[in-house]
Amino acid sequence: MSTKHTEALQNFRETIRKISSYEEALGVLYWDLRTGAPRKGMDNRSEVIGVLSGDHFKLATSPELGENLSTLEERSVYSELSEIDQRLVAETRKEYDRSIKIPPKLYQEYVVLSSQSESKWEEAKENNDYASFQPYLEKVISYTNQFIDLWGPKETRYDTLLDQYEPGMTVAELDRVFGGLREQLVPLAAAIANSPHQPDTSFLKQNYDKSSQKAFSLYILEQMGYNFEAGRLDESAHPFATGLNPGDVRITTRYLEDDVTSALFGTIHEGGHALYEQNIMEELIGTTLCTGTSMGIHESQSRFWENVIGRSRPFWNRYFGELQQRFPGQLDVSVDQFYRGNNVVQPSLVRIEADELTYNLHIIIRYEIEKLIFNGGAKAADLPAIWNEKYKEYLGVIPQNDAEGVLQDVHWSGGAFGYFPSYSLGNMYAAQIADTMERDLQGFWGSVEKGNLLPIKQWLSERIYKYGKLRTPSELIQSVTGKPLDPQHLVAYLTKKYTDIYKL
């Protein structure tokens, strides 16, 4: 490699390191904003985030970066790059070409708005006051539409947004996949509803000490292999994970005093995200590849740990006794009753509290609403009514207020349109990965029943976590399972599990 090309590579790596440093600093500010920053300082904090995001954006769209990319993309030079540098150049080029179409001033305005909007959403949800949040959401939708125009719409306007979270995913493909899921899961849900063997859930709704809930959540995180020297557990209005670098991956949960498992499953879910981020290979630290390859693959890990492991019978055969000890006299049921009670299938209003089977209908509702917004022109003022009508149609329930309806999720306040389908894609990936793991990892369920979860974490680290964004979602699922994504694995998993629980 010539001196010119070597210098281009050095300059490129240095710029990427700076971009990653900005992202880490912004991650800390966002985490603080969502976990206890004083409300009086939120507007100023949003402005600070806007300024730093603007500088980050200018760096990521600088002419110098563009020149270095062009040099490194020359065939003779590119072939000499390491696998990591090749992937870094390809990913940076994709982001560069997208971002350079957005004026820096417009981007900075949007960052300030979305930060303020998230804070306003939190207040609106707490006060059941959609009207106060609606003007912010209108602006977020307006900015997002401007970005779509600048990027250039794909097959549909919404396709442009999907590609940010699951590269290559389209409305046509999701319509096919979600349509197939609906056709197969709705009859299963109907059979479950008609089963005379309905689980008892009454014991779950008592007053459960919050500090004891937290202690058990911390214990289970430790059992999963979450490294507390590289993370922490806090509280927030909506559970989330923030991966700053593999040595600092923080998670939050939300405790409900009248529900013994809500915070626990939320913690396990976010713990799955965190295990991914904590176990990315050292060579990717300080690069933009040091994160999950897509939101669908990321969600596969949170859903795998929460549902496939955390809601399994072997898991509770091991841990139910210890949970009982934390709440003496309150969980006087058998492990089978507890297991079945935590896997009840019934229509519900809140996505994060939904069972595994109907959860996918919550996602399809949001997916269809997002399509209506960007492909059909639906307005922010229309959304509560659309939301309520779709919940009545798909789940047979109607929210009593907007806090348990259209205001329940944080995603739209921050402009994360196109994200929701990742959750159901994550369920599909998780079921397919679990199928492979059961066959590949000797004594898989026996290990879970003994509380030996570390071999599972190690298996996932070697096949998924360590690669970060080095492989695409399709490359990763092919390498792990030997075939492309197949939704039938999810249908088979749910059918087998709930046929047993409901004695169908």
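Helices (H or I, at least four residues) and strands (E, at least two residues) are DSSP runs, numbered from the N terminus. The model is predicted: local features need pLDDT of at least 70, side-chain atom pairs count only at pLDDT 80 or more, and totals for chains, interfaces and linings use all residues. Residues are numbered from 1 along each chain as its sequence is written, and side-chain values use heavy atoms, with hydrogens and water left out.

The C-alpha trace spans about 70 × 55 × 45 Å along its principal axes. The radius of gyration is 23 Å, in agreement with the value near 23 Å for a compact globule of 504 residues; it is taken over C-alpha atoms, and the globule rule is 2.2 Å times the number of residues to the power 0.38. Of the 504 residues, 56% count as buried, where buried means under 20% relative accessible area, exposed over 50%, and partly exposed in between (1.4 Å probe, protein chains only). Contact means heavy atoms within 4.5 Å. Among contacts between residues at least 6 apart in sequence, 74% join residues at least 24 apart.

**The largest nonpolar core, with 144 residues.** Such a core is a set of buried Ala, Val, Leu, Ile, Met, Phe, Trp, Tyr and Cys residues joined through side-chain atoms within 4.5 Å. The residues with the most contacts inside this core are Phe304, Trp305, Trp316, Phe338, Ile456 and Leu460. Helix H15 (residues 356-376) gives the most to this core, with 10 residues. Beyond its neighbours within four places in sequence, Trp316 is in contact with Phe216, Leu264, Phe265, Gly310, Arg311, Leu323, Val335 and Phe338. A second, separate core has 6 residues, among them Leu29, Met42, Ile49 and Val111.

**Helix H8 (residues 157-165), a mostly covered helix.** Of its 9 residues, 7 are buried: Tyr158, Asp159, Thr160, Leu161, Leu162, Asp163 and Tyr165. These buried residues of H8 pack against several other helices, namely H5 (83-99), H7, H9 (171-193), H12 (295-309), H15 and H17 (421-440).

**Ile102 in the loop between H5 and H6.** Ile102 has a relative accessible area of 5% and is therefore buried. Leaving aside residues up to four places away in sequence, Ile102 touches Phe57, Tyr107, Phe147, Leu150 and Trp151.

**Gly468 in the loop between helix H19 (454-463) and helix H20 (473-481).** Gly468 counts as buried because its relative accessibility is 1%. The residues that Gly468 touches, not counting those up to four places away in sequence, are Tyr276, Ile280, Leu284, Leu289, Thr291, Gly292 and Thr293. Gly468 and Thr291 are 177 residues apart along the chain, while their C-alpha atoms are separated by 5.0 Å.

**Glu356 in helix H15.** With a relative accessibility of 6%, Glu356 counts as buried. Apart from neighbours within four places in sequence, Glu356 is in contact with Asn307, Arg311, Asn343, Tyr493, Leu494, Lys497 and Tyr498. Between Glu356 and Asp32, 324 residues apart in sequence, the C-alpha to C-alpha distance is 31 Å.

**Gln198 in the loop between H9 and helix H10 (210-224).** Gln198 is partly exposed, as its relative accessible area is 37%. Not counting residues up to four places away in sequence, Gln198 touches Ile192, Ala193, Arg340 and Tyr502. Ile501 is 303 residues from Gln198 in sequence, and the two are 8.7 Å apart in space, C-alpha to C-alpha.

**Asn128 and Lys503, non-glycine residues with positive phi.** Most residues other than glycine have a negative phi. Asn128, by contrast, has a phi near 50 degrees. Asn128 is found in the loop between helix H6 (104-127) and helix H7 (130-151), and its relative accessibility of 38% makes it partly exposed. Lys503 also has a positive phi, of about 50 degrees; this residue is placed in the segment after helix H21 (488-501).
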